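Here is a short report on one protein model. It covers a pocket, a helix and a strand with its partners.

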Amino acid sequence: MDTSKSLSTQDLLGVARETFADQFGGIPSVEAHAPGRVELLGNHTDYNGGLVMASAINRETVVVGRPIPGRGALVHAVAFDASDTFLVDRVEQTEPGSWTRYVRGVCWALGERFGGLTSGFEAVFVGNVPLGGGLSSSASLQAAWARFLIGAGIVPRTGSLTGLDSSDPALHDQARMDIAQALRRSENAFVEVGSGLLDQFSAMFGAANQALTLDCLTLKHGLVPLGEHAPAIVVCDSGTSRRLADGMYDRRVAECQRVVDFFRSRIAVEGELMLRHIPLADLQANWDALDPVGRKRARHVLTENERVSQGAEALRNGDLTRFGQLISASHASSRDDFENSSPALDALIEAAAEAPGFLGGKLSGAGWAGCTVNLVKAEQAADFGAALARGYHKRTGLNTVVHVCHAAEGASARQVD
Ligand code: GLA
């Protein structure tokens with residue numbers, strides 16, 4: 001088994017500072033970080049106005065940098081050993097799916113939302129969130145950049161941002177939610193992927209040892225403790241990867257939308273009708289009249305919303321067995337109705353189910369490739385990883401990389417003295 005020995009925050013910061021000195025000279029004035037996330041329940045519910053449950057994890061992106069006079073932005077990506085330069089007043093799109101498009105999009109969206117950027121900057125970023133693996137490396141990157149730009153005063157603290165470091169929870173929440181929404185807008189309008197709010201929300205609101213819940217319609221959100229004897233969150237990488245921008249994700253968004261269109265003349269709601277509003281009973285009553293693909297997608301989303309509510313309840317009751325069963329039921333629904341699993345992901349889940357300490361497991365994020373997330377009894381996490389790796393190899397001939405993670409804090413930034 002290849003168990004990932006991930007770099008610690010301190011290691012990442014060390015690499016980032018060193019690279020900064022090489023690239024730009026001197027030391028950065030602000031250091032920011034933001035986590036990746038696992039989706040515990042609520043697969044493809046977010047853009048349907050549904051419910052999600054996630055945890056930020058201790059895999060993250062770090063950005064270090066400083067403002068500079070003038071309007072130029074100089075960015076260096078350690079992972080790609082590549083740089084990008086652009087003007088903060090004229091942020092143009094680059095190649096679809098590229099890291100530069102994500103970084104530029106953050107500048108574009110925060111500038112638009114919070115009244116323009118005050119200066120240029122030079123900065124370096126590095127991370128240890130597996131790319132394209134369903135752990136939201138992209139939102140981790142976005143949120144770390146957002147916190148850097150705000151921390152360095154390049155995005156001015158206007159409007160709700162004045163509350164970002166407030167001890168008043170309402171002001172603090174509003175600032176984080178506004179940033180998350182600006183980052184989602186960046187992904188939708190600049191990166192041009194029609195994703196929901198789950199990833200950016202998780203990167204901004206992460207909390208140690210907690211599951212996060214979000215109602216994507218009302219934006220009501222909360223924390224559910226994972227408990228004193230918190231299970232390990234074991235992420236298993238199938239060794240296959242994909243990019244959100246490859247078209248499958250947007251196709252699913254459109255398939256869900258077709259069902260909403262069908263119900264538009266049949267169900268009245270205040271505001272815009274979303275899949276979330278359609279009762280499961282109405283879906284079933286109209287099953288034969290609905291298109292055969294859309295109705296399965298919708299059944300997944302509607303039953304998944306129920307699993308999120310039931311999962312939060314189970315967790316509150318300390319019933320990890322039930323919580324795990326709901327996670328596994330989510331995978332089955334993704335596989336059979338939403339059809340966003342893959343033979344590799346299914347093999348990982350089958351191998352996990354036979355491994356010691358397994359409570360439940362599912363694909364994480366968009367699907368089709370990348371990682372599974374498993375809830376495992378903490379004391380059995382190592383044995384679980386070893387058995388799963390053997391089972392996966394036996395089934396597929398592939399090797400998995402196992403990340404034993406825990407729920408971690410959300411994005412933050414600090415001034416360097
Ligand atoms: C990706 C998207 C999220 C969400 C998940 C699936 O991670 O970025 O908004 O839709 O897929 O739940």
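The text below takes the pocket, then the helix, then the strand.

This is a predicted model, where local features need pLDDT of at least 70, side-chain atom pairs count only at pLDDT 80 or more, and totals for chains, interfaces and linings use all residues. Residues are numbered from 1 along each chain as its sequence is written, and side-chain values use heavy atoms, without hydrogens and water.

The largest pocket has a volume of about 830 Å³. Of its 43 lining residues, Y102, L131, G132, S137 and S138 are the closest to its centre. (A pocket is an open set of points on a 1 Å grid over the protein atoms alone, where a 1.4 Å probe fits, with protein on both sides within 12 Å along at least five of seven lines; lining residues have an atom within 4 Å of a point.) Domain 1 (9-226 + 408-415) and domain 2 (232-405) both contribute to the lining, so the pocket lies between them. Domain bounds come from an automatic or database domain assignment.

α2 (99-114) is among the elements that give two or more residues to this lining. In α2, 13 of 16 residues are buried (under 20% relative accessible area, 1.4 Å probe, protein chains only). G115 follows α2, with a positive phi near 90°.

Strand β3 (residues 51-68) is mostly covered, with 16 of its 18 residues buried. Its pairings (at least two DSSP bridges between two strands) are tabulated here.

| Strand pair | Bridges | Sense |
|---|---|---|
| β2 and β3 | 11 bridges | antiparallel |
| β3 and β7 | 4 bridges | antiparallel |
| β3 and β6 | 8 bridges | antiparallel |

E39 has A54 in β3 as its bridge partner. V52 stands opposite L214 in β7, and T61 opposite G127 in β6.

Technical notes: Grid points are joined across faces, edges and corners, and a volume is the space filled by probe spheres set on the points. Buried means under 20% relative accessible area, exposed over 50%, partly exposed in between (1.4 Å probe, protein chains only).
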